[in-house]
Amino acid sequence: QVQLVESGGGLVQAGGSLRLSCAARAESGRTFSMYVMAWFRQAPGQEREFVVSISGSGRNTYYSDSVKGRFTISRDNAENTVYLQMNSLKFADTAVYYCAARTGVAVSRLPSAYDYWGQGTQVTVSS
């Protein structure tokens, strides 16, 4: 099992910035760099939505059109942590944000591709 814990959520005004963190503990026999990581979000009454994913090395990223240019994903494998820098936040970004990990090597936008999930952190953007 991989434990994922998100932090950094909160209330911010539209146009503001927030940085989310996801701290991971890898399962036995694996290192953090072996996992593709991603962020998803889920607004009230909505389905879970893909935000961005990053390869194990950090060399490849894949953003949804709704956040590209505003959000940046990064990872620090030495610290077993993934970050999501969110700039120019909009009211539509309001959601619970989930960190996810998969043992495959390819980035993916599909929730079913991910094996492990954090409990989520609330991001609320006031308009």
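1. R70 counts as buried, at 11% relative accessibility; buried means under 20% relative accessible area, exposed over 50% and partly exposed in between, with a 1.4 Å probe and protein chains only. R70 forms a salt bridge with D93, the closest N and O atoms being 2.8 Å apart. A salt bridge is here a side-chain nitrogen of Lys or Arg within 4 Å of a carboxyl oxygen of Asp or Glu. D93 lies in the loop between β8 and β9 and R70 in the loop between β6 (61-63) and β7 (71-76), so this pair ties together parts that are 23 residues apart in sequence.

2. On the basis of the model: this is a predicted structure, in which local features need pLDDT of at least 70 and side-chain atom pairs count only at pLDDT 80 or more, while totals for chains, interfaces and linings use all residues. Residues are numbered from 1 along each chain as its sequence is written, and side-chain values use heavy atoms, with hydrogens and water left out.

3. E49 is partly exposed, with a relative accessible area of 34%. The count of salt bridges comes to 3. As for R70, its salt bridge with D93 belongs to one network, in which shared partners join R41, E49, R70 and D93. In general, side chains of opposite charge can pair when their charged atoms come close.

4. Secondary structure: the protein chain has 0 helices and 11 strands. Helices (H or I, at least four residues) and strands (E, at least two) are DSSP runs, numbered from the N terminus.

5. A100 is found in strand β9 (residues 95-102) and counts as buried, at 0% relative accessibility. The C-alpha atoms of A100 and L4 are separated by 7.5 Å, although the two residues are 96 apart along the chain. Contact means heavy atoms within 4.5 Å; leaving aside neighbours within four places in sequence, the contacts of A100 include L4, V36, F40 and W117.

6. Overall dimensions: with 127 residues, a compact globule would have a radius of gyration near 14 Å, and the 14 Å of the protein chain agrees. The radius is taken over C-alpha atoms, and the globule rule is 2.2 Å times the number of residues to the power 0.38. Along its principal axes the C-alpha trace spans about 45 × 30 × 25 Å.

7. Among contacts between residues at least 6 apart in sequence, 58% join residues at least 24 apart. The protein chain exposes about 6,600 Å², of which carbon and sulfur atoms supply 45%; accessible areas come from the Shrake-Rupley method with a 1.4 Å probe, and for residues only the protein chains shown count as cover.
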